[in-house]
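User: I am new to reading protein models and would like to go through this one step by step. Could we begin with the ligand and then turn to the chain itself?

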Amino acid sequence: MSAPARPAPAPEDAFRAAARHWSTGVAVLTTRSGEEVFAKTVSSFCTLSLDPLLVSVAVARHSPLVSAVRGSGRFAVSVLTDRQHGVARRFATPGAGRALGTFTAVPMRAEATGAPVLEAALAWFDCRLHGVLPGGDHAVLVGRVAAADASPGEPLLYHDGRYRSLAHRSPGVGA
Ligand SMILES: Cc1cc2nc3c(=O)[nH]c(=O)nc-3n(C[C@H](O)[C@H](O)[C@H](O)COP(=O)(O)O)c2cc1C
């Protein structure tokens, strides 16, 4: 007698299960709009084009960060080091990614466009908004890179719902 067939998972569950196997770096997307700064932990960052220099990042469509970037016309992406899982957790917390003036606990500075770049980032890309593409429940922000830089160090990674490092020394912090 053959075993009863397993019911097929719902498409959303299958999508989520497959997506857990996609490993990414972790970055903080920022912008400044007037007196307000916005920051959000993202894993959807992509380098897109070399000529011109373009990057993209997908952001939940209704996030205030999307309208702030549309208004300011600039954003920065700061790539996190494997010591910055606390920063990643902070800016993945609902409501914690918006402040007047500065985020006192997370030092940032302006580079070419005035979008805030994290002081302790492993690498950063400072961008002028090139376009906003539709992406279902997300908006794909495309940025033209005005300046970028990198420092020595190891990246923070995200895989299977956990922060990890290349050295397999997991920071041991769940999402
Ligand atoms: C590792 C990780 C990666 C994330 N990547 C994205 C992303 O690429 N785009 C996005 O819109 N949200 C992403 N999020 C979720 C946001 O960080 C989070 O929902 C948001 O900052 C919550 O604050 P808000 O609701 O005040 O915007 C990610 C969260 C984590 C933990």
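User: How far is an oxygen atom of the ligand from an N or O atom in the side chain of S44?

Analyst: This is a predicted model, and the values here are computed from its atoms. A pair of N or O atoms counts as a polar contact when the two lie within 3.5 Å. For the side chain of S44, the distance from one of its N or O atoms to an oxygen atom of the ligand is 2.6 Å.

User: How much of the ligand's accessible area does the protein cover?

Analyst: On its own, the ligand has 630 Å² of accessible area. Of this area, the part that the protein covers is 74%.

User: Which elements give two or more residues to the shell around the ligand?

Analyst: The ligand takes up the space of the largest pocket, and 16 residues surround it, with K40, T41, S44, A58 and G95 as the closest. By class, this shell has nine nonpolar, six polar and one charged residues. The elements that give two or more residues to it are strand 3 (36-42) and strand 5 (54-60).

User: Why does the aromatic pair of F45 and F125 tie together parts that are apart in sequence, and how many residues apart are they?

Analyst: The count of aromatic pairs comes to three, and F45 and F125 form one that is tilted, with 5.0 Å from centre to centre and 40° between the planes. F45 lies in the loop between strand 3 and strand 4 (46-49), while F125 lies in strand 10 (residues 123-135), so the pair ties together parts whose separation in sequence is 80 residues.

User: Is the peptide bond from D51 to P52 cis or trans?

Analyst: P52 is found in the loop between strand 4 and strand 5. The bond that leads from D51 to P52 has an omega near 5°, and this peptide bond is cis.

User: What value is phi of D160 near?

Analyst: D160 lies in the loop between strand 12 (156-159) and strand 13 (162-165). Its phi is positive, although D160 is a residue other than glycine, and the value is near 55°.

Methods. Residues are numbered from 1 along each chain as its sequence is written. This is a predicted model: local features need pLDDT of at least 70, side-chain atom pairs count only at pLDDT 80 or more; totals for chains, interfaces and linings use all residues. Side-chain values use heavy atoms; hydrogens and water are left out. A residue is near a molecule or strand if one of its heavy atoms lies within 4 Å of it. A polar contact is a pair of N or O atoms within 3.5 Å; within protein, one must be able to donate a hydrogen and the other to accept it, and residues adjacent in sequence count only if both atoms are side-chain atoms. Accessible areas come from the Shrake-Rupley method with a 1.4 Å probe; for residues, only the protein chains shown count as cover. On a 1 Å grid over the protein atoms alone, a cavity is a set of points where a 1.4 Å probe fits but cannot get out, and a pocket is an open set with protein on both sides within 12 Å along at least five of seven lines; lining residues have an atom within 4 Å of a point. A molecule sits in a cavity or pocket if more than half of its atoms lie within 2 Å of its grid points. Helices (H or I, at least four residues) and strands (E, at least two) are DSSP runs, numbered from the N terminus. Ala, Val, Leu, Ile, Met, Phe, Trp, Tyr, Cys and Pro count as nonpolar, Asp, Glu, Lys and Arg as charged, and the others, Gly among them, as polar. Rings of Phe, Tyr and Trp (its six-membered ring) pair if their centres lie within 6.5 Å; planes under 30 degrees apart count as stacked, over 60 as edge-to-face and the rest as tilted.
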